[in-house]
Amino acid sequence: MKPFVRYLWVLTAFGLGVGTLYWFIAHEVTGAVLLWAFGLMPLIVGLWALRHGASRNAPVAPEDDPNADPSTDAGTSVGSFPAVTVWPIFFVLGLLLAGAGLIYGLILVPPGLALAAFAIHGLMRESRQ
Amino acid sequence: MSTAAAAARREHSGVVSWLTSTDHKKIGVLYCVTAFAFFLVGGTLAGMMRLELADPGRAFFEPGTYNGLFTIHGTVMIFLFVAPFGSGLANYLIPLQIGAPDMAFPRLNLMSYWLFTSGGCLILLSGVASAGGGAQMGWYAYPPLSAGRMSPGVGPDIWILGLGLVAVAAVMTAVNIVTTVFLYRAPGMTMWRLPIFTWNMVIVSILGLVAFPPALAGFALLFLERRMGGLAFAPAAGGDPVIFQHLFWFLGHPEVYILILPFFGVITEIIPVFSRKPLFGYTGFVLATLAIGALSTGVWAHHMFTTGAVDNPFFAAMTLLIAVPTGVKFFNWTGSMWGGKIVFPTAMLFSIGFLLNFLIGGVTGVMLAAPAIDFHAADSYFLVAHFHYTMMGGAVFGIFAAIYFWYPKMTGRMLRERMGKAVFALMFIGFNVTFWPQFEAGLRGMPRRVVDYPANAGYETPNLLSSLGYVVMAVGVLFFLADLWVSKRKPVEAGDDPWDGYSLEWATTSPPPEHNFDAIPPIRSERPAFDLHHEGADG
């Protein structure tokens, strides 16, 4: 099992455990729900990781092998990194415009959301190249 | 994962390439520079407050304006300076420390930077240029004070929007850091060989993922209440304002650890290097940090003792428990120095200053964890002093330590040690002259967030000292800016490893190449760069 999944189980146990303890001590709903949600978050990620190859029987990854040599995964593709991109800036501008619309007039919301959607589309296209 | 497999990037230069670059190092530097600019703004606001409070009698500001000053000062320092500076360091250092070519999600990284910057600008705008009234309700914006009737105008709305963007940016950064560290480590860089700074940032990121969404929900409900007639916090309609306090402090207290843990990590990188020893008790240190992170999610309502609506013994016990792992860390730090060949460059001085200041902040925190004392000291200057001893004396000293330690790696140039020591002396003396008297003022009963105070109530001397101390600190910051300028104008080459450092970033060039490493050395301990540079020697 990948070590990080183990950390996720510990987090799950802590969040659910303390949430339950808090509920029995304080009988206060908001805090208990927050703590239980804290426990559920790593549970969801951990289950997803298990379904995608982080199980106990998976081979030890080079980063988890204390004796691994730097050349162990030489040649492994890590994808391509974009040097520059403008789409995140357009996305943020779209959010700002939509947010300003909530304060100054709803007419600004549709163009703001459209700009954000356009930026997301641009990001997706760029990441597929 | 091999850096040899990293895809090539084309060389880019110029301002536009900096602002659109997805290189984690450039984004890290942008974060740090932007956050430091916000620090200068927040510090100026603090100076305006100290100017008003130097003497009894109102001299410069209307009460509402003063409320705006401390609201924006608090928001800026917490959300726009200390936390993002930690994010900037993490962006720059984590891939270097774990042997990765970049962060896992480079575009998301750039997006989070722009969300942070634009949110920060909105927060500043909310205080100064808002028709009908700026944000004047304090950095935690409790309803009903923050509701539309008590805080009219668009200022609070812009403030909420800005804070929302900053919070989303923090969540994005947290996702990026956790994914990068879990999945992008170099061969041999097991979790138990991670540099302590990286470990701390993983824990900080998980805390951020847990803590920011509830606060975002709280602020969204507040926004709905202000703009669209929402009733979540209106008691007359069945709402409950205490729910907002729960949602806010479920972020607000872990946030204190989100702010301080990166700089626990920073000084833990620095102290062993300048003591010429390995870190004392690596495993215990990591477990203590995990314990602090976990416990910090169960202490939020110690900020709500005086509401009478929470279980005080539960939160007092959880808060006192945090002192145990924090004490373990102090043993680690002193143990690392004990018997070492200690040298005192500026980064080490700031680290030791951190220890001394944070110890005072921590001990007064333990005092405030007892509800009986908290009832007496709540909303007094005692609390202000305690908070600033942890955040300014701790985190900000950690930031200066980090700058003096990693500036040579980031730029290839050294800062001047003599100027650095002058900066430290001015900051350390100025800080303690500013904030120690505030303990005294608080114990004498001076409430915080007041624009004026009565003469002959025992508040004058502490306040005058505080204002004088601020001036000394401000001179220290000016010295620091001068140090940066001198380093730029008359560069002294740093070399790749000027401190004989321990972690992996010291095994590459200064500044590092775009893909970070030409070759990653074998990683056989938590000090791979030291192992590389002292191969064959006893060490």
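User: Where in chain B is the place of B:Asp500?

Analyst: B:Asp500 is in the loop between α14 and α15 of chain B; helices here are DSSP runs of H or I with at least four residues, numbered from the N terminus. This is a predicted model, in which local features need pLDDT of at least 70 and side-chain atom pairs count only at pLDDT 80 or more, while totals for chains, interfaces and linings use all residues. Residues are numbered from 1 along each chain as its sequence is written, and chains are lettered from A and ligands numbered from 1 in the order in which they are written.

User: Why does B:Asp500 count as partly exposed?

Analyst: B:Asp500 has 13 C-beta neighbours inside 10 Å. With C-beta atoms placed from the backbone, 20 or more others within 10 Å make a residue buried, 12 or fewer make it exposed, and anything in between is partly exposed. The count of 13 therefore puts B:Asp500 in the partly exposed class. Its phi is near 55°, a positive value in a residue other than glycine.

User: What makes B:Asn456 exposed?

Analyst: B:Asn456 has 7 C-beta neighbours inside 10 Å, so it counts as exposed. This residue lies in the loop between α13 (417-443) and α14 of chain B. Phi of B:Asn456 is positive, about 60°, although the residue is not a glycine.

User: How do you know that B:Phe250 is buried?

Analyst: There are 28 other C-beta atoms within 10 Å of B:Phe250, so it is classed as buried. B:Phe250 belongs to helix α7 (residues 241-275) of chain B. Leaving out residues up to four places away in sequence, B:Phe250 touches A:Leu34 as well as B:Ala211, B:Pro214, B:Ala215 and B:Trp300. Contact is defined by C-beta atoms, placed from the backbone, that lie within 7 Å.

User: Why is α2(B) called roughly antiparallel to α3(B)?

Analyst: The axes of α2 (residues 24-53) and α3 (residues 63-98) of chain B cross at roughly 155° and come within 7 Å. That angle makes the pair roughly antiparallel, a label for angles over 145 degrees. Angles run from 0 to 180 degrees between N-to-C directions, and the axes are lines fitted to C-alpha atoms over the stretch in contact. The contact of α2(B) with α3(B) has 25 nonpolar, 7 polar and 2 charged residues. Asp, Glu, Lys and Arg count as charged; Ala, Val, Leu, Ile, Met, Phe, Trp, Tyr, Cys and Pro as nonpolar; the others, Gly among them, as polar.

User: Which residues have the most contacts inside the largest nonpolar core?

Analyst: They are B:Val82, B:Ile270 and B:Ala401, in a core of 201 residues. A nonpolar core joins buried Ala, Val, Leu, Ile, Met, Phe, Trp, Tyr and Cys residues through C-beta atoms within 7 Å. Helix α12 (residues 381-411) of chain B gives the most to this core, with 22 residues. Setting aside neighbours within four places in sequence, the contacts of B:Ala401 include B:Val266, B:Ile270 and B:Phe354.

User: How many residues of chain A are in contact with chain B?

Analyst: In chain A, 48 residues are in contact with 52 residues of chain B. The largest share of the chain A side, 9 residues, comes from α3(A). By class, that side has 32 nonpolar, 10 polar and 6 charged residues.

User: Where is the cis peptide bond with omega about 10°?

Analyst: That bond joins B:Pro143 and B:Pro144, and B:Pro144 is in the loop between α4 (106-128) and α5 (155-183) of chain B. The bond from B:Ser510 to B:Pro511 is also cis, with omega near -10°.

How values were computed: Contact = placed C-beta atoms within 7 Å. Helix = DSSP H or I, 4+ residues; strand = E, 2+ residues; numbered from the N terminus. Parallel < 35°, antiparallel > 145°, perpendicular 65-115°, else oblique.
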